[in-house]
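Q: I'm opening this one for the first time. Please walk me through it.

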Amino acid sequence: MSDPVLILTMKWGTIYGAEDVNRLYRQVKRHLDRPHRFICFTDDAAGIDPGVEALPLPELGLPKGHGDTRWRKLALFRPDLGGFTGMTALFLDLDLVVVDDLGPFFDLPGKFFIIRDDDLFRAKPLRKVNPGRDRFLHSVGNSSVFRYEVGAHSYILDAYLADPAAATAGYEISQQFQSAQLAAHGNLHYWPREWCVSFKNHCVPRNLLSYLDDPKLPEGARIVLFAGAPKMEDVFAGRGSKWYRRIGNIDWLREAWQG
């Protein structure tokens, strides 16, 4: 039997609860048949399924006087994370739905893979007025789903901790900073575009067409994400965030969500 792979997620604060962790755990169990360990780094393990290994949130390691923890996901790049150094890990945010086999996410050869953020959205032609920024934003990875070797990319965290104020001043969000560091080290590679899809942009018929047909899963999709609005909780409540976006029947998505 091969060594187990890791599924990592994080939960802190009150936006997500134990049931969100448990649903993702069931989804992974349903769609990953190789040996694996499901790890949730959290500040509150109450109510989490016993099959989940609930561990304390990893320390970001901010210098004294810096209390900004908005970029705490960068702690996943600690060289000693959870004692898992050298193991292969797939990180999954809690606000997504696994709809098909996760095995290919581990089979794809390479050191680091992530979603290209632009792949989740429709084209933004106005961005072309600033070609340099457009090129950078087109390179940014969306950190909702990424695979890496634990401990092999500690240069990301090191670069952040060297000057947290400069990092947060120069980049809007942590995934932009993370992508810049990965690119500088030649490790920024993207999943096949069809694997990770946006519910709004790839499943729901566009604009008023949503009143004529229900959302459908695109061919080849393995994970459905909720980039922009509506958020996952809005979708399952039937709210489309715009008057011209009807959610319609999503029984297929709800079944997958429940695991």
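A: Start with a term: two strands pair if DSSP finds at least two bridges between them. Helices (H or I, at least four residues) and strands (E, at least two) are DSSP runs numbered from the N terminus. The model is predicted, so local features need pLDDT of at least 70 and side-chain atom pairs 80 or more, while totals for chains, interfaces and linings use all residues. Residues count from 1 along each chain as its sequence is written, and side-chain values use heavy atoms, without hydrogens or water.

Q: Ok, which residue stands opposite Arg 116?

A: Gly 141 in β7 does. The strands there are β6 (residues 113-116) and β7, which pair in the antiparallel sense over four bridges.

Q: And in which sense do β4 and β7 pair?

A: Antiparallel again for β4 and β7, over five bridges. In β7, Val 145 has Leu 92 opposite.

Q: How many residues of β7 are buried?

A: Eight of the nine residues in β7 (141-149) are buried, so the strand is mostly covered. Buried means under 20% relative accessible area, exposed over 50%, and partly exposed in between, with a 1.4 Å probe and protein chains only.

Q: Over how many bridges do β1 and β2 pair?

A: Seven, and β1 and β2 pair in the parallel sense. Ile 7 faces Phe 38 in β2. Five of the seven residues of β2 are buried, so β2 is largely enclosed by the rest of the structure.

Q: Now helices. How many residues has α1?

A: α1 has 14 residues and reaches 20 Å from first C-alpha to last, close to the 20 Å expected at 1.5 Å a residue (the expected span is 1.5 Å times one less than the number of residues). Ten of the 14 are buried, so α1 is largely enclosed by the rest of the structure. Among the buried residues are Ala 18, Val 21, Leu 24, Tyr 25, Val 28 and His 31.

Q: What do the buried residues of α1 pack against?

A: Strands β1 (5-11), β2 (36-42), β4 (88-92) and β5 (96-98), plus helices α2 (103-107) and α9.

Q: At what angle do the axes of α1 and α9 cross?

A: The axes of α1 (18-31) and α9 (251-258) cross at roughly 95° and come within 7 Å. That makes α1 roughly perpendicular to α9. Axes are lines fitted to C-alpha atoms, for helices over the stretch in contact, with angles from 0 to 180 degrees between N-to-C directions. Under 35 degrees counts as roughly parallel, over 145 as roughly antiparallel, 65 to 115 as roughly perpendicular, and the rest as oblique.

Q: Which residues of α1 and α9 meet?

A: On the α1 side, Arg 23, Arg 26, Gln 27 and Arg 30; on the α9 side, Glu 255, Ala 256, Trp 257 and Gln 258. Contact means heavy atoms within 4.5 Å.

Q: What's the order of the open sheet of three strands?

A: The order is β5-β9-β8, with mixed pairing. β5 and β8 (196-198) are at the edges, each with a single partner strand, so one side of each has no neighbour in the sheet. The twist averages 25° from one strand to the next. β8 and β9 (223-225) pair in the parallel sense over three bridges, and Ser 198 stands opposite Leu 225 in β9.

Q: Last one: is Pro 164 buried or exposed?

A: Pro 164 is buried, with a relative accessible area of 6%. Pro 164 lies in helix α5 (164-170). Leaving aside neighbours within four places in sequence, Pro 164 is in contact with Leu 62, Pro 63 and His 66.
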